Amino acid sequence: MAEYTKQSRLANDGVHTQWRVLDEAGNVVTRGQAYAGQDLDELARYALTVNQLEPADLPEAWTAWE
């Protein structure tokens, strides 16, 4: 079972939220942008599924993307 980290931050445009999922080694496995009201967890799970990775391994909490 993989260990993922979820990170998010407000984009420079002040409108979008940027998000990414990292693996145990700190490599980005997927990322994207969301508009206000979009569910970041749903977007991350879908992106992992499309990339044939296991979305059930996502942690509950999002951390700051610095």
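Colleague: Among contacts between residues at least 6 apart in sequence, how many join residues at least 24 apart?
Modeller: In this predicted model, 36% of those contacts join residues at least 24 apart.

Colleague: And which pattern does the chain follow along the sequence?
Modeller: The chain reads β-β-β-α-β. That comes from one helix and four strands.

Colleague: What about the overall dimensions, what box do the C-alpha atoms fill?
Modeller: The C-alpha atoms fill roughly 35 × 20 × 20 Å, taken along the principal axes. The radius of gyration is 11 Å, which agrees with the value near 11 Å that a compact globule of 66 residues would have.

Colleague: How many of the 66 residues count as buried?
Modeller: Of the 66 residues, 32% are buried. As for the surface, the chain exposes about 4,500 Å², and carbon and sulfur atoms supply 46% of that.

Colleague: Let's go to the helix. Which residues of H1 are buried?
Modeller: Leu 40, Ala 44, Ala 47 and Leu 48 are the buried ones in H1.

Colleague: Why are they on the same side of H1?
Modeller: Because they cover an arc of only 100° around the axis, they end up on the same side of H1.

Colleague: OK, and what do the buried residues of H1 pack against?
Modeller: They pack against strands S1 (5-10), S2 (17-22), S3 and S4 (62-64).

Colleague: Which exposed residues does the face turned away from the buried side carry?
Modeller: You'll find Glu 42, Tyr 46 and Val 50 there, and they are exposed.

Colleague: Now the start of the helix. Which residue caps the N-terminal end of H1?
Modeller: Asp 39 does the capping: one of its side-chain oxygens lies 2.9 Å from the backbone nitrogen of Asp 41. Asp 39 is in the loop between strand S3 (28-34) and helix H1 (40-50).

Colleague: Why does Asp 39 count as partly exposed?
Modeller: Asp 39 has 37% relative accessibility. Buried means under 20% and exposed means over 50%, so a value in between counts as partly exposed.

Colleague: Other end of the helix now. What follows H1?
Modeller: Gln 52 follows H1, with a positive phi near 60°. Gln 52 sits in the loop between H1 and S4.

Colleague: Why point out a positive phi?
Modeller: Because most residues other than glycine have a negative phi. Gln 52 is a residue other than glycine, and its phi is positive.

Colleague: Is Gln 52 buried or exposed?
Modeller: Gln 52 is exposed, with a relative accessible area of 74%.

Colleague: Switching to the strands: where is Gln 18?
Modeller: Gln 18 is in strand S2. Its side chain makes a polar contact with the side chain of Arg 9, at 2.7 Å.

Colleague: Which residues is Gln 18 in contact with, leaving aside neighbours within four places in sequence?
Modeller: Leaving those aside, Gln 18 touches Gln 7, Ser 8, Arg 9, Ala 11, Gly 32, Gln 33 and Trp 65.

Colleague: Last one, where is Asn 27 found?
Modeller: Asn 27 is in the loop between S2 and S3. Asn 27 is partly exposed, with a relative accessible area of 44%.

Colleague: And which residues is Asn 27 in contact with, again leaving aside neighbours within four places in sequence?
Modeller: With those left out, Asn 27 is in contact with Val 21 and Leu 22. The C-alpha atoms of Asn 27 and Thr 5 are separated by 9.9 Å, and these two residues are 22 residues apart along the chain.

Notes: Residues are numbered from 1 along each chain as its sequence is written. This is a predicted model: local features need pLDDT of at least 70, side-chain atom pairs count only at pLDDT 80 or more; totals for chains, interfaces and linings use all residues. Side-chain values use heavy atoms; hydrogens and water are left out. Helices (H or I, at least four residues) and strands (E, at least two) are DSSP runs, numbered from the N terminus. Buried means under 20% relative accessible area, exposed over 50%, partly exposed in between (1.4 Å probe, protein chains only). The arc is that of the directions from the helix axis to the C-beta atoms. Contact means heavy atoms within 4.5 Å. A polar contact is a pair of N or O atoms within 3.5 Å; within protein, one must be able to donate a hydrogen and the other to accept it, and residues adjacent in sequence count only if both atoms are side-chain atoms. The radius of gyration is taken over C-alpha atoms; the globule rule is 2.2 Å times the number of residues to the power 0.38. Accessible areas come from the Shrake-Rupley method with a 1.4 Å probe; for residues, only the protein chains shown count as cover.
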